[in-house]
Amino acid sequence: MAGSGEARLAGSLSIGARVRWQEREWEVVEWQGSQVTLLPQDGGEAPRAVSYRWLVGADDFAVLSGNTAPDAEGAALGGWGRQEGQKEEAALWQARMVEIDTGLAPGRSEHARGFGPETTLAQRCAAMSARMAADGVRCSAHTLADKRRKWKAAGENPVVLLPAARDRRPGGFSDPRCLAAMQEVVARRAHASDVTIDVIREEVKDLLHARYGKELGDPAAVAALLPSRSTFYLRMKESGLADALDRPTRARAALASTPPLPHGGREAVLRPGQVTQVDTTPLRILARGDDGRPTSTEMTSLIDVANHSVCALMITPSRPRDAESGRPGRATRAIDLTLMLAQAFAPWPVMPGWDPLSAAAASSLPFGALRAADERFTEATAARPVIRPELIIYDQGSPYVSEHFTEVCDRLRIARRPARKRTAPDKPLVEHFFVTLAHRFSQHVRHGWQGRSHKKRGRGIERMPLYTIAELQQMAQEWVALEYQQTPDAGLHDPFRPGVALSPNDMYAVQVARSGYRAVPLSPAQNRFFLLPQWVTPGKGGFMIDYRTYQPVAQDAGHYREILLRGGSKLPGREKQWECRFNPYRPERVWLYDHTAGTWVTCDFRLRHLLNAPWTADMWQEYAEQHCAADGSERDEEAIALALAQRDRRRRSRRPPPKRTGSEPPFQGLELDTEQPSRDPYADLEEFDLSTLRPYPVQPVSPLAPPSAPLVPALPAGMGGADRPPGGGQAPHPLAALFPDDGDGSPPEAAAAGAPAAAYEVVEAEVLDDLGPDGDDGAEDEGDVWEM
């Protein structure tokens with residue numbers, strides 16, 4: 001293949017091709033402009049960057065493998081983004097610049113008139129300008145000289161000589177205020193019957209006069225904002241408004257509800273958490289509800305776009321509203337979304353009974369590096385990465401646009417982007433995950449699987465031994481860690497290994513090595529902001545939430561009294577109210593927030609001791625409605641608490657009771673770490689050698705007991721009878737002075753004879769009353785907050 005000729009230069013020389021040059025084999029590794037970078041195959045020297053014309057002009061050049069070399073005319077266009085349809089023009093400008101620069105036209109051996117060796121560069125530019133003028137192209141000699149300098153600076157690339165594509169101005173030269181009015185009028189007509197463009201033009205004209213009449217003052221100036229009739233039709237067609245008018249009413253209404261944000265397209269997502277997608281769908285698996293009856297379920301999932309990992313998932317009960325009894329329906333709420341969002345900030349633990357391969361240590365995650373960066377990663381961590389979302393693309397359901405979910409996202413600095421209504425391509429990954437979930441998880445849950453539609457639903461599903469929602473949650477999390485995160489995905493590829501399909505964990509390992517990992521552990525105090533907010537008015541006897549009285553715990557009683565003495569929070573619009581956070585799935589404890597100090601006051605339900613079994617706010621509301629139906633009051637919290645404590649769950653059928661005994665556990669969502677860990681009082685003490693421990697001679701019975709009598713020194717060895725203490729008899733025992741007379745009639749010892757009788761009285765331990773913050777004896781009103 002060595003030698004010269006056009007057959008050798010046909011085609012295109014691509015990156016990765018192996019060529020022969022200077023009696024050696026090289027590989028093309030880079031091509032930028034007219035420079036080609038070659039890598040020697042024998043490894044004898046570093047890569048070399050050579051000119052393409054020098055490379056293909058060598059006598060021994062040949063292409064050994066891969067594609068062939070490009071042709072001479074379009075060689076300089078490779079790597080500079082050749083413009084379609086301008087190849088011939090670029091080749092023409094290339095020949096002109098070469099003739100101006102060297103005096104010889106490409107492919108000719110004789111100089112043309114005005115381009116001889118004795119001519120200067122300025123003369124050759126003038127000659128080329130005259131030749132182009134004869135051909136009908138006007139270009140001065142100064143312009144040709146500027147083009148030559150630009151051509152040389154770009155490495156003799158003719159692309160820089162082509163005229164740049166002029167971007168069309170959106171809407172042409174029409175006034176932007178008129179274009180905005182056109183959009184507004186068409187949006188108003190979204191739910192009405194269809195009209196022609198002439199009616200739209202008249203309404204746009206009226207809107208411009210009403211909006212800018214006073215501002216401009218002159219009716220002629222307002223009329224100038226509206227283009228002519230033909231131009232108005234053209235703008236309606238260019239902007240797509242004419243096509244929108246021809247659509248059905250439902251399609252026009254859906255188009256009008258589209259948020260004014262960019263949707264669709266391919267975003268460059270390079271790091272974990274940069275873009276995430278969230279959505280809720282029916283799980284189509286029946287579960288055992290709080291009352292022991294079958295209930296439908298919903299699943300909410302948060303998917304990372306960069307590596308398709310499941311950041312978090314949440315399964316909640318779902319039921320429609322009962323028209324006969326008036327019982328309200330149940331679906332995913334804002335508290336469910338925030339509890340799901342809290343999962344993304346912490347690792348999943350491996351639950352008892354899970355497969356050992358579901359642990360992060362046994363997966364492809366960089367477990368060693370993650371454990372070194374985050375101490376929360378242990379051997380019992382599930383194989384699911386911890387990804388902090390930066391942007392969430394969400395559906396426009398009511399829980400996602402709620403004030404609570406928006407507040408939590410703003411506090412965590414998470415951006416939010418709404419998807420268009422009934423437009424699945426705006427969040428395709430989470431939609432595809434639900435299909436994967438049905439194929440690989442849901443249909444394998446034999447006890448409760450309803451099928452993909454009501455037409456394919458099996459018989460007798462309600463009579464099966466169903467799982468609880470908490471059990472389904474653990475099963476789904478195990479499936480994600482064991483199978484989904486470790487199964488190769490056809491849409492995940494490493495740029496350095498394009499032919500290998502990676503799993504979400506593999507892709508995360510590739511991306512986290514480039515973008516890094518920073519642990520964001522949330523303290524229990526920060527986790528409390530995930531809970532529902534409630535504005536309450538603290539009083540001397542506590543405060544109420546849903547007619548349940550809450551009072552501070554003993555250790556926070558002083559802080560609560562300080563809040564009472566302030567009189568109110570003094571917040572704008574909340575003069576006497578204070579912010580309180582509570583979990584409706586675990587309402588026995590709430591937290592009152594002191595915004596002045598940034599601290600929390602822990603408060604418990606006043607009748608918490610009556611409710612030993614788990615309960616939720618929904619269960620309290622249910623029994624409160626039953627109590628009101630029996631001519632009771634929803635403020636009678638003691639009666640409601642007793643009814644809730646003595647509840648007897650109904651069975652799902654008249655069959656004999658199953659082997660499981662006890663009440664059904666209610667659905668309490670996901671447990672969130674909101675309690676401060678108790679401090680170990682012996683944590684800071686040094687290790688103690690028990691062999692050096694000696695018994696203490698005496699321990700007072702009460703702090704109010706009198707001090708002990710002084711000890712009598714022991715008699716030294718060899719002490720005679722003359723040296724004995726007075727009183728006769730044997731020397732007393734050294735500890736005899738600490739004990740009173742035992743009542744046997746013997747006289748007291750000499751050392752104790754002179755001690756007062758009060759030293760031998762045993763003082764009873766007194767039960768001290770709990771003192772209030774002011775040091776009083778706690779004798780206050782009967783409903784005082786301190787009497788708890």
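Which residues have the most contacts inside the largest nonpolar core? Select M299, L302, L341 and F433. That core has 65 residues. A nonpolar core here is a set of buried Ala, Val, Leu, Ile, Met, Phe, Trp, Tyr and Cys residues joined through side-chain atoms within 4.5 Å. Buried means under 20% relative accessible area, with a 1.4 Å probe and protein chains only.

This is a predicted model: local features need pLDDT of at least 70, side-chain atom pairs count only at pLDDT 80 or more, and totals for chains, interfaces and linings use all residues. Residues are numbered from 1 along each chain as its sequence is written, and side-chain values use heavy atoms, leaving out hydrogens and water.

Centre on L341. Leaving aside neighbours within four places in sequence, L341 is in contact (heavy atoms within 4.5 Å) with residues including L302, P389, I392, F405 and F530. Then jump to a second, separate core of 24 residues, with I563, M619, W620 and I640 among them.

Next, select T276, in strand β6, residues 276-282 (a strand is a DSSP E run of at least two residues, numbered from the N terminus). T276 is buried, at 0% relative accessible area. A polar atom of the T276 side chain lies 2.7 Å from the backbone oxygen of L391. Beyond four places in sequence, T276 also touches L302, P389 and I392, among others.

Finish with the cysteines. The structure holds zero disulfides (cysteine sulfur pairs within 2.5 Å). C139 is in none; the nearest cysteine sulfur, in C125, is 9.3 Å away. C139 counts as buried, because its relative accessibility is 13%. C580 is buried too, at 0%.

Technical notes. Buried < 20%, exposed > 50% of the residue type's maximum accessible area, 1.4 Å probe, protein only. Helix = DSSP H or I, 4+ residues; strand = E, 2+ residues; numbered from the N terminus. Polar contact = N/O pair within 3.5 Å; in protein donor to acceptor, adjacent residues only side chain to side chain.
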